[in-house]
Amino acid sequence: MKLHDFGFTEGINEIIAITENEDGSWNTAPIGIIVENSASTTAMARLYRNRTRANLERKGVLFANVIDDPIIFAISSFGNLDEDYFFSLDPPILKGSMAWCRFKAKMKNGTAILKLADGDVIGGKVRAVNRGFNAVIEALVHATRYLAIRDEEKRRELLEKIYYYRELAEKCGSEREKRAFEIIMEKIA
């Protein structure tokens, strides 16, 4: 069992991370899993101080859902997915996931060191790369930063990038990418 078995490639792989909150509920958030060697079982993720990081520091377990739904990425960027979005709660698997895996995690200086523990590939779904989907992911990175910082000049720069990616999603994306952008724009308004 190696990272490539679950669709991970070298570089940054965007997934939906699921961690357990103190009350036993699930926290969902998109994060980038950094892979240096997809034929290995180790990866990492840089995390700011947030709920995902706090949960990893406390429990040391991260579930990664490999999914290509832009709406799931948009909603979970700004809040938790409720149980209606889950196929299973034990282990936590989102509807539409192509694969899931469980990592044991240790935090070190803001970086989660991840060790693949188990998981499963779900179905044989195939999807070509869609530039609109990629634009949604890039815009979400900028949108979450836009909401987190207060420097007006940096916020303007981020907003310009978000608008650029919105145009790209409108041109290249499906209806789901366009709906994901509606969610982004509602959240940053």
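How many salt bridges does the count come to? The count comes to nine, a salt bridge being a side-chain nitrogen of Lys or Arg within 4 Å of a carboxyl oxygen of Asp or Glu. The model is predicted: local features need pLDDT of at least 70, side-chain atom pairs count only at pLDDT 80 or more, and totals for chains, interfaces and linings use all residues. Residues are numbered from 1 along each chain as its sequence is written, and side-chain values use heavy atoms, with hydrogens and water left out.

**View 1. A salt-bridge network links R49, R53 and E57.** R53 and E57 meet at 3.2 Å, N to O. Both lie in helix α1 (residues 51-59), four residues apart, about one turn of the helix. Helices (H or I, at least four residues) and strands (E, at least two) are DSSP runs, numbered from the N terminus. R53 is buried, at 11% relative accessible area. E57 is partly exposed, at 43%. Buried means under 20% relative accessible area, exposed over 50%, and partly exposed in between (1.4 Å probe, protein chains only).

**View 2. D118 and R102 form a salt bridge.** The N to O distance is 3.1 Å. The pair links distant parts of the chain: D118 sits in strand β8 and R102 in strand β7, 16 residues apart. D118 is partly exposed at 27% relative accessibility, and R102 is partly exposed at 23%.

**View 3. R179 pairs with E186 in a salt bridge.** Their closest N and O atoms are 3.7 Å apart. R179 is partly exposed, at 33%; E186 is exposed, at 52%.

**View 4. The largest nonpolar core has 33 residues.** Such a core is a set of buried Ala, Val, Leu, Ile, Met, Phe, Trp, Tyr and Cys residues joined through side-chain atoms within 4.5 Å. Residues with the most contacts inside this core are I16, I18, F73, L94, I162, F181 and I184. Elements giving two or more residues to the core are β1 (11-20), α2 (70-78), β6 (92-94), α3 (131-148), α4 and α5 (175-188). Helix α3 gives the largest share, eight residues.

View 5. Most residues other than glycine have a negative phi, and most peptide bonds are trans. The D90 to P91 bond is cis, with omega near 0 degrees. N109 is not a glycine, yet has a positive phi of about 55 degrees. N109 is exposed, at 78% relative accessibility.
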